[in-house]
Amino acid sequence: MIQYVGLDVSQKMTAICAVDAQGQRLWRDQCGSTPEQIDAAVRRRAGIEARLGIETGPMTPWLVHELRGRGFDIVCLDARHARAALKMQLNKTDQNDAEGLAQIMRTGWYRSVHVKSFDTHRDGPCSAPAPNLSA
């Protein structure tokens, strides 16, 4: 049985929630916001076949590439669209946001965002030489 897992990531902790194909909550957990800790928590409860969803944010590229490298099917969700859906919740908590992300993954009502490779990030506009303004 495929589990849909939502990851609500903050600097130190990540709230995790999994739902089944019918939308029933299967489990909730919380762990440190490192690929190793997220990997261990998801493998222990959902297995490698879980479908993970994470919102765009500052830690997203690192986590997405690391978790994909560990064999997970992870989708990066557009934060603006996810936020609009999560706004309707009565109790706004990290655990409820993680469950909302899992439900969004289950229903397919999301806009996927491409996560650039680390090489592309390094080659971006910040690494370009400064223009010569003396001319």
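Student: What is the mean pLDDT of the protein, and what share of its residues reach 70 or more?
Tutor: This is a predicted model. The mean pLDDT is 87, and 87% of the residues reach 70 or more.

Student: Which elements have the lowest and the highest mean pLDDT?
Tutor: Helix H5 (residues 118–122) has the lowest, at 61. Strand S2 (residues 13–19) has the highest, at 98.

Student: Why is H3 called roughly perpendicular to H4?
Tutor: Take the angle. The axes of helix H3 (residues 79–86) and helix H4 (residues 94–107) cross at roughly 110°. The range for roughly perpendicular is 65 to 115 degrees. Therefore H3 counts as roughly perpendicular to H4. The two axes also come within 10 Å.

Student: What is the handedness of the crossing of H3 and H4?
Tutor: The crossing is right-handed.

Student: Which residues in H3 and H4 meet?
Tutor: From H3, Ala82, Ala85 and Leu86. From H4, Asp97, Gly100, Leu101 and Ile104. These residues divide into five nonpolar, one polar and one charged.

Student: What does the pair of Glu99 and Arg28 tie together?
Tutor: Glu99 lies in helix H4 and Arg28 in strand S3 (residues 25–32), so the pair ties together parts that are 71 residues apart in sequence.

Notes. Residues numbered from 1 in each chain as written. Predicted model: local features only at pLDDT ≥ 70, side-chain atom pairs only at ≥ 80, totals over all residues. Heavy atoms only, no water. pLDDT = per-residue confidence, 0-100. Helix = DSSP H or I, 4+ residues; strand = E, 2+ residues; numbered from the N terminus. Axes fitted to C-alpha atoms, helices over the stretch in contact; angles between N-to-C directions. Parallel < 35°, antiparallel > 145°, perpendicular 65-115°, else oblique. Left-handed = near helix turned anticlockwise from the far one by under 90°. Contact = heavy atoms within 4.5 Å. Nonpolar A, V, L, I, M, F, W, Y, C, P; charged D, E, K, R; others polar.
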